[in-house]
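Work through the following exercises with the sequence and the structure side by side. Try each task before you read its solution.

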Amino acid sequence: MISRAKLCGLALLLALSACAKPADKAGPDKNVIRFSIASTENVSAQQKSWAPFLADFSKQTGLTVQPFFGSNYTALIEAMRFKQTEMGWFTNQSGLEAVRRSGGEVFARTSKPDGPDGYQSVIVVKKGSGLTLDKLLKCDKTLNFAMGDAKSTSGTLAPMTYLFAPRNITPGSCFKTVKNANHEANLFAVAMGQVDAATNNTQSIVRLGTKTAPAAKQTMQNIEVIWRSPTIPEDPMIWRADLDPAVKAKIAKFFFGYGVGDTPEAARQRAILKEIETGPFKHADATHLLPVREMEATELVLEAKNKKDPAAEAKAQAMLDAVHAEQKAKPAF
């Protein structure tokens with residue numbers, strides 16, 4: 001009998017093969033770059049927002065750039081792992097997985113179009129519901145809760161690290177139901193009363209606030225934030241480490257020059273970048289992922305302490321100490 005895990009793996013591979021053609025034995029066309037983007041909201045809306053940037057990307061590099069809109073972060077990680085994509089925009093946690101499992105390499109990061117870099121994970125509830133953080137954390141299994149994708153930094157890792165793990169809370173045993181969906185869907189679910197509370201992030205809320213559709217406006221009026229995490233670094237841009245050096249050079253020249261300067265053309269490019277929720281891209285490397293590795297190790301330490309497992313705690317603490325040592329030696333860009 002085939003195990004459930006093997007069936008799930010087979011289903012994922014079939015789903016990926018339907019989204020992008022696997023590379024043949026001779027390797028993909030060096031002039032084609034398949035660029036993955038997580039579908040954190042309606043795909044058709046994202047396609048429209050990304051079209052001008054992707055068109056400029058193709059024109060300025062001479063490469064054929066093909067978007068890959070993954071339904072979740074695991075799909076993006078596996079697509080890079082099986083060489084169905086060459087690069088992509090990842091969250092910090094999914095980016096760490098892409099580096100570990102998919103031959104990925106951080107080369108750039110996003111930036112805030114306006115204001116300081118960074119964002120916060122949040123928990124939102126319906127405005128006027130009377131639901132507070134203290135009531136949420138009573139864990140009496142009367143509330144319906146929604147989280148992000150399992151590989152989402154703000155939707156899962158940050159609230160687990162900074163809110164639930166320190167209190168020895170497992171969402172599955174705390175709430176009546178726990179659902180997983182993308183950020184936009186979770187905001188609508190809270191506003192419509194389908195769930196009592198949900199994780200999200202400040203960027204997603206700002207993005208929803210820019211939309212003019214009646215449903216978006218109504219959602220913004222019907223939600224409020226009851227918890228915020230510490231600041232999380234901006235998202236990493238990742239390419240395959242084994243990508244041809246000449247292709248990497250073309251991509252880097254485009255990314256680090258796009259939207260930079262005081263010319264009318266640079267201003268046009270910055271307007272395009274703003275549509276995809278970023279300012280000009282900044283240089284980055286593996287050290288960009290140190291904060292998410294710190295969150296990961298911190299959660300493991302807390303879990304081991306709560307389970308009273310000295311061996312697991314020592315192992316997790318060693319991981320955390322190693323991250324702290326790397327942070328002290330981190331070069332400044």
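Two residues are in contact when heavy atoms lie within 4.5 Å, and a residue is buried when its relative accessible area is under 20%, exposed when over 50%, and partly exposed in between (1.4 Å probe, protein chains only). Helices are DSSP runs (H or I, at least four residues), numbered from the N terminus. The model is predicted, so local features need pLDDT of at least 70 and side-chain atom pairs count only at pLDDT 80 or more, while totals for chains, interfaces and linings use all residues. Residues are numbered from 1 along each chain as its sequence is written, and side-chain values use heavy atoms, with hydrogens and water left out.

**Exercise 1.** Work out which residues of helix α14 are buried, and what covers them.

Solution. Next, look for the buried residues, which are A316, L320 and V323. Finally, what covers the buried residues of α14 includes α13 (290-307).

**Exercise 2.** Find the buried face of helix α12 and name the helices that it packs against.

Solution. Helix α12 (residues 264-275) has twelve residues and reaches 17 Å from its first C-alpha to its last, close to the expected 16 Å. Its buried residues are A266, Q269, I272 and L273. Seen down the axis of α12, these fall within an arc of 115°, so they line one face of the helix. They pack against α2 (43-61) and α11 (245-257), whereas the face turned away from the buried side carries the exposed residues P264 and E275.

**Exercise 3.** Describe how helices α8 and α9 cross.

Solution. The axes, which are lines fitted to C-alpha atoms over the stretch in contact, with angles running from 0 to 180 degrees between N-to-C directions, come within 10 Å and cross at roughly 75° for α8 (residues 183-191) and α9 (residues 202-209). The contact is made by H183, E184, L187 and F188 of α8 and by S204, I205 and L208 of α9.

Note on methods. Helix = DSSP H or I, 4+ residues; strand = E, 2+ residues; numbered from the N terminus. Expected span 1.5 Å × (residues − 1). Arc of directions from axis to C-beta.
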